Amino acid sequence: MAALVAENFRFLSLFFKSKDVMIFNGLVALGTVGSEELFSVVAFNCPCSPARNYIYGLAAIGVPALALFLIGVIWNNHTWNLVAECHKRGTKNFSAAATFLLFGSIMGRAAVAPVTWSVISLLRGEAYICALSEFVRPSSLDKFPAEYGAEVLARFPCKDVPANLTKFRDEMTRRLRYESQLFGWLLIGIVAVLVFLTKCLKHCCSPLSYRQEAYWAQYRSNEDKIFRRTAEVHSRILAAKNVKHFFGFVALDKEEKELVQEFPVEGVQPSPQWNAITGVYIYRENKGFPLYSRLHKWAKGVEGNGPSPEGHEMLFLAS
């Protein structure tokens, strides 16, 4: 039981990796706000027709939010690390709670843009007014003419109404905008509380001190940058050698010639090495020393979980 609890606590660290993630989420939110404003000005056009308003209004809020959510899932590295983990190693090393927390990390980060879109849409109110205008009860409007029904109410968002109904249109629009903005502020409050509770839970359950966690975040960021930069150079040099082998010569610019001379590349890494450094990773220790990534683990020669303390991870950590 203690091993399972320790494993699940360490998965909580996946929710927030570093301040860079928070900055990125802020930029995503700002970009979403700009996109929503542009959409409202350029693309949104309520049909003002019964049975169409509701579908169009909900689609204007829900469909872009769904698209942004899927894009967020696709762009999250944890998504593809999880896919690689399941493909190469299966899920036998993951408890239900750990799997849930990992999915929560992916979904939480992917939800930044769609939640922002939904909040801005609700605060503006146009889509909400369009969707629900036809469902306003005429009896709730003081002295509303009995000869008019849902068909006229559906035209209120377009202001295409008889002159004697202008005051009722303004009243209905004000009421629906109030409801829409109320839901928007409630959504902001709920999200803020959830983020606060998650941050508190994460810091309370983290096995690392604040400074070590900050160092871990810096290490992961630097390792990723250096790995990508090195991989780009390695692939360019390898490609140049293969092209030269095929044609007998290779046309390189000055920078590429310097790279080929400075970094000799003899071959490629075998697939087992790529598999060893790919997949889901949480904090691990080996004989009291931290292992900050799968690449770090591979470089130290640590393999899997096992009963022997030599060259193995602690037993309560999932591989």
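Colleague: What does the side chain of serine 133 make a polar contact with?
Modeller: The side chain of asparagine 53, at 3.4 Å. Keep in mind that this is a predicted model.

Colleague: And where is serine 133 found?
Modeller: In the loop between helix H7 (126-132) and helix H8 (150-153).

Colleague: Buried or exposed?
Modeller: Serine 133 counts as buried, because its relative accessibility is 0%.

Colleague: Which residues is serine 133 in contact with, leaving aside neighbours within four places in sequence?
Modeller: Asn53, Leu153, Ala154, Pro157, Met172 and Leu176. Met172 and Leu176 are also among the buried residues of H9.

Colleague: Since H9 came up, what are the other buried ones there?
Modeller: Phe168, Arg169, Thr173, Ser180, Gly184, Lys202 and Cys205 are buried in H9 as well.

Colleague: How does the span of helix H9 work out?
Modeller: Helix H9 covers residues 166-205, which is 40 residues. At 1.5 Å a residue it should span 58 Å, and its end C-alpha atoms are 58 Å apart, so the two agree.

Colleague: Switching to cysteines. How many disulfides does the structure hold?
Modeller: Two. One joins cysteine 46 to cysteine 130, with an S to S distance of 2.1 Å. That pair links distant parts of the chain, 84 residues apart: cysteine 46 sits in the loop between H2 and H3, and cysteine 130 is in helix H7.

Colleague: What's the handedness of the link between cysteine 46 and cysteine 130?
Modeller: The torsion about the S-S bond is about 80 degrees, so that disulfide is right-handed. Cysteine 46 and cysteine 130 are both buried.

Colleague: OK, and how far apart are the sulfur atoms of cysteine 48 and cysteine 158?
Modeller: They are 1.7 Å apart, and the two cysteines form a disulfide. This pair ties together parts that are 110 residues apart in sequence, because cysteine 48 lies in the loop between H2 and H3 while cysteine 158 lies in the loop between H8 and H9. The link of cysteine 48 and cysteine 158 is right-handed, with 95 degrees about the S-S bond.

Colleague: Which pattern do the disulfides of the chain follow?
Modeller: 1-3, 2-4, counting bonded cysteines along the chain.

Colleague: How about accessibility for cysteine 48 and cysteine 158?
Modeller: Cysteine 48 counts as buried at 11% relative accessibility, whereas cysteine 158 is partly exposed, with a relative accessible area of 35%.

Colleague: Last topic, backbone angles. What is phi of cysteine 48?
Modeller: Near 55 degrees, a positive value in a residue other than glycine. Most residues other than glycine have a negative phi.

Colleague: Where is lysine 287 found?
Modeller: In the loop between strand S1 (284-286) and strand S2 (289-291). Lysine 287 counts as exposed, at 51% relative accessibility.

Terms used: Residues numbered from 1 in each chain as written. Predicted model: local features only at pLDDT ≥ 70, side-chain atom pairs only at ≥ 80, totals over all residues. Heavy atoms only, no water. Buried < 20%, exposed > 50% of the residue type's maximum accessible area, 1.4 Å probe, protein only. Helix = DSSP H or I, 4+ residues; strand = E, 2+ residues; numbered from the N terminus. Expected span 1.5 Å × (residues − 1). Polar contact = N/O pair within 3.5 Å; in protein donor to acceptor, adjacent residues only side chain to side chain. Contact = heavy atoms within 4.5 Å. Disulfide = S-S within 2.5 Å.
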